[in-house]
Amino acid sequence: MAFDLKGSQINRLVPKDSKVLLDSNFIKIMNGRPIMLQKRQYNLLRLAINQDTLLLSKNNIVDYSLLMVLNKQTLKVRFGIIDYL
């Protein structure tokens with residue numbers, strides 16, 4: 001499953017059969033629970049997001065999304081910043 005996350009629940013729900021789901025879909029699917037990461041993975045993700053958003057900020061880019069891909073079989077999660085203007 002792929003999620004385009006913006007940190008908002010306003011107009012952020014699409015039908016369940018959509019290729020990319022949104023924030024409200026994620027909240028419903030996870031029943032409001034967060035994704036648990038090991039401390040090392042959490043720290044790496046946080047560092048990467050901080051570095052990426054700092055670069056976007058320095059270039060006056062303020063609108064972007066976090067793409068999260070969740071593989072239910074392997075329980076692996078991948079992240080990337082997308083849709084930046």
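Me: What makes up the secondary structure of the protein chain?

Reply: The protein chain has two helices and four strands. Helices (H or I, at least four residues) and strands (E, at least two) are DSSP runs, numbered from the N terminus. Along the sequence, the pattern reads β-β-α-α-β-β. The C-alpha atoms fill a box of roughly 35 × 30 × 20 Å along the principal axes. Residues are numbered from 1 along each chain as its sequence is written. As the model is predicted, local features need pLDDT of at least 70 and side-chain atom pairs pLDDT 80 or more, whereas totals for chains, interfaces and linings use all residues; side-chain values use heavy atoms, without hydrogens and water.

Me: How do you know that strand 1 and strand 2 are paired?

Reply: Two strands pair if DSSP finds at least two bridges between them. Three bridges join strand 1 to strand 2, and these strands run parallel. In this pairing, A2 stands opposite V20 of strand 2. Strand 1 also pairs with strand 3 (residues 65-71), in the antiparallel sense, over four bridges. Here F3 stands opposite M68, and L5 has L66 as its bridge partner.

Me: Why are strand 2 and strand 4 said to stand at the edges?

Reply: The four strands form an open sheet in the order 2-1-3-4, with mixed pairing. Strand 2 and strand 4 (76-82) each have a single partner strand, so one side of each is left without a neighbour in the sheet. The twist averages 25° from one strand to the next; axes are lines fitted to C-alpha atoms, for helices over the stretch in contact, and angles run from 0 to 180 degrees between N-to-C directions.

Me: Why is F3 called buried?

Reply: Buried means under 20% relative accessible area, exposed over 50%, and partly exposed in between (1.4 Å probe, protein chains only). F3 has 1% relative accessibility and therefore counts as buried. F26, at 15%, counts as buried too. For the protein chain, buried residues make up 21% of the 85 residues.

Me: What makes both faces of strand 1 covered?

Reply: A2 and D4 on one side, and F3 and L5 on the other, are all buried. In a regular strand the side chains alternate between the two faces of the sheet.

Me: Which residues belong to the largest nonpolar core?

Reply: A nonpolar core is a set of buried Ala, Val, Leu, Ile, Met, Phe, Trp, Tyr and Cys residues joined through side-chain atoms within 4.5 Å. The largest one has six residues: F3, L5, L21, F26, M30 and M68. Contact means heavy atoms within 4.5 Å. Leaving out residues up to four places away in sequence, L5 touches R12, L22, D23, F26, S65, L66 and M68.

Me: Why is the pair of F3 and F26 called edge-to-face?

Reply: Rings of Phe, Tyr and Trp (its six-membered ring) pair if their centres lie within 6.5 Å; planes under 30 degrees apart count as stacked, over 60 as edge-to-face and the rest as tilted. By this rule there is one aromatic pair. The ring centres of F3 and F26 are 5.2 Å apart and their planes stand at 80°, so the pair is edge-to-face. The pair links distant parts of the chain, with F3 in strand 1 (residues 2-5) and F26 in helix 1 (residues 23-29), 23 residues apart.

Me: How do you know that Q9 counts as exposed?

Reply: Q9 has 56% relative accessibility and therefore counts as exposed. Q9 lies in the loop between strand 1 and strand 2 (20-22). Apart from neighbours within four places in sequence, Q9 is in contact with S24 and I27. The C-alpha atoms of Q9 and D23 are separated by 6.0 Å, although these residues are 14 apart along the chain.

Me: Which backbone oxygen does the side chain of T53 reach at 2.8 Å?

Reply: The side chain of T53 reaches the backbone oxygen of I49 at that distance, and the backbone oxygen of N50 at 3.2 Å. A polar contact is a pair of N or O atoms within 3.5 Å; within protein, one must be able to donate a hydrogen and the other to accept it, and residues adjacent in sequence count only if both atoms are side-chain atoms. T53 is in helix 2 (residues 39-58).
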